[in-house]
Amino acid sequence: MKTLFAVVLVAGTLAGFSAADAAGGCGPGFHRGPYGGCRPNGGAVVVAPRVVVPRVVVAPAPVVVVPRARVCPRGFAWRAGRCRPF
């Protein structure tokens, strides 16, 4: 009985670890967005190896995203992702 319990405990633990998908099940290179959809991750991450002599690592320039201006009609304001009345 003790052996059976130990086998079931180990099998359940392994099944629990294998069922956990990273990034909410979106797959490699993607993550869940604020509304639950899959979105691509940011740019490439460059990691320098640990060595005694420092090396120069050139990373791509960061991407700057500027949101476009929201224009709502008169009597409306931009709230919670859309134009809403006052």
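Leu 4 is exposed, with a relative accessible area of 53%. In this predicted model, Leu 4 sits in helix H1, which covers residues 2-19. Leu 4 also belongs to a nonpolar surface patch, together with Met 1 and Val 8.

The mean pLDDT of the protein is 75. A value of 70 or more is reached by 73% of the residues. Helix H1 has the lowest confidence, with a mean of 72. The highest is found in strand E4, residues 82-85, at 86.

The protein contains one helix and four strands. Their order from the N terminus is α-β-β-β-β. Of the 86 residues, 3% are buried. The accessible surface of the protein is about 8,100 Å². Carbon and sulfur atoms supply 66% of that surface. Among contacts with a separation of 6 or more, residues 24 or more positions apart account for 0%.

Two disulfides are present in the protein. With bonded cysteines counted along the chain, their pattern is 1-2, 3-4. One of them joins Cys 26 and Cys 38, with the sulfur atoms 2.2 Å apart. Cys 26 is placed in the loop between H1 and strand E1 (30-32), and Cys 38 in strand E2 (residues 38-40), so this pair ties together parts that are twelve residues apart in sequence. The torsion about the S-S bond is about -85°, so the disulfide of Cys 26 and Cys 38 is left-handed. The two ends of this link fall into separate accessibility classes. Cys 26 has a relative accessibility of 15% and is buried, because the limit for that class is under 20%. Cys 38, at 44%, is partly exposed.

The other disulfide is formed by Cys 72 and Cys 83, whose sulfur atoms lie 2.1 Å apart. This pair links distant parts of the chain, eleven residues apart. Cys 72 is in the loop between E2 and E3, whereas Cys 83 is in strand E4. The link of Cys 72 and Cys 83 is left-handed, with -85° about the S-S bond. Cys 83 is partly exposed, at 25% relative accessibility.

Arg 74 is exposed, with a relative accessibility of 84%. The C-alpha atoms of Arg 74 and Pro 85 are separated by 9.0 Å. These two residues are eleven residues apart along the chain.

A backbone feature occurs further along. Most residues other than glycine have a negative phi. Ala 80, in contrast, has a positive phi, near 55°. Ala 80 lies in the loop between strand E3 (76-79) and E4. Ala 80 is exposed, at 65% relative accessibility.

Technical notes:
Residues numbered from 1 in each chain as written. Predicted model: local features only at pLDDT ≥ 70, side-chain atom pairs only at ≥ 80, totals over all residues. Heavy atoms only, no water. Patch = residues over 30% accessible without salt bridge, like charges linked within 9 Å, V, L, I, M, F, W, Y side chains within 5 Å. Areas by Shrake-Rupley, 256 points an atom, 1.4 Å probe, with all protein chains shown as cover. Salt bridge = Lys/Arg side-chain N within 4 Å of Asp/Glu carboxyl O. Helix = DSSP H or I, 4+ residues; strand = E, 2+ residues; numbered from the N terminus. Buried < 20%, exposed > 50% of the residue type's maximum accessible area, 1.4 Å probe, protein only. pLDDT = per-residue confidence, 0-100. Disulfide = S-S within 2.5 Å. Contact = heavy atoms within 4.5 Å.
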